[in-house]
Amino acid sequence: LSMRTLKVGFPMSDVAIPIYLVIDSSGSMTDVREDVHSLIDVTMAQISTDSALSDLFHLAVITFATDATVLVPLTPGTLLARTDVDRLSISFGGRTNYGPALALLLEKSRSDIQQLKKQGVRVYRPLVFFITDGAPQDDQLIAGQLAELRDSPLRVVALSIGPMDPT
């Protein structure tokens, strides 16, 4: 069994694990903007420089505040080194609205998975890192999206960034 073959017998180039970094870029995140840029930089560097990871993982970056934007479309790890991280422009400001982020994540993950499958790639469960410093300001509007997210193949890890509010 070679290092480039998973135990299930698929060559790694025929298997993908999509990873989505969904990052809060609202006004409250301004104080941790350097941490956000470092997080993206380190994640992309780690995936792109480790051959076992770069063959397996595909990475996308979505930012959100009042609206959501695809900062980096789903990109194979082998191509991440060509992405100029320094040129990625994140505008910090606006409200912490989860709704646009969840809608865009659900839409993009569906189309990304479908595209990978059309290319003959076996797609393992996508992983989402949802990174924010606070609660949603649109929590009354996102119940349907949360239900859809629970029913999707996505596995979500929520991470808090920034100083803790002691209240």
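Buried here means under 20% relative accessible area, and exposed means over 50%. By that cut-off, 43% of the 167 residues in the protein chain are buried. The model is a predicted one. The protein chain exposes about 9,300 Å². Carbon and sulfur atoms supply 53% of that area.

Next, the layout. The protein chain holds four helices and six strands. Read from the N terminus, the order is β-α-α-β-β-α-β-β-α-β.

Now take helix α1, residues 33–49. Its 17 residues reach 24 Å from the first C-alpha to the last. That is close to the 24 Å expected at 1.5 Å a residue.

Which residues of α1 are buried? They are V36, I40, T43, M44, I47 and S48. Viewed down the axis of α1, these buried residues fall within an arc of 120°, so they line one face of the helix. An α-helix has 3.6 residues a turn, so residues three or four places apart point the same way.

What does the buried side of α1 pack against? The partners of its buried residues are β1 (15–24), α2 (51–56), β2 (57–64) and β3 (68–76).

The face turned away from the buried side carries the exposed residues E34, V42 and T49. Helix α1 therefore has one face lined by buried residues, while exposed residues sit on the face turned away.

Methods
Residues numbered from 1 in each chain as written. Predicted model: local features only at pLDDT ≥ 70, side-chain atom pairs only at ≥ 80, totals over all residues. Heavy atoms only, no water. Helix = DSSP H or I, 4+ residues; strand = E, 2+ residues; numbered from the N terminus. Expected span 1.5 Å × (residues − 1). Buried < 20%, exposed > 50% of the residue type's maximum accessible area, 1.4 Å probe, protein only. Arc of directions from axis to C-beta. Contact = heavy atoms within 4.5 Å. Areas by Shrake-Rupley, 256 points an atom, 1.4 Å probe, with all protein chains shown as cover.
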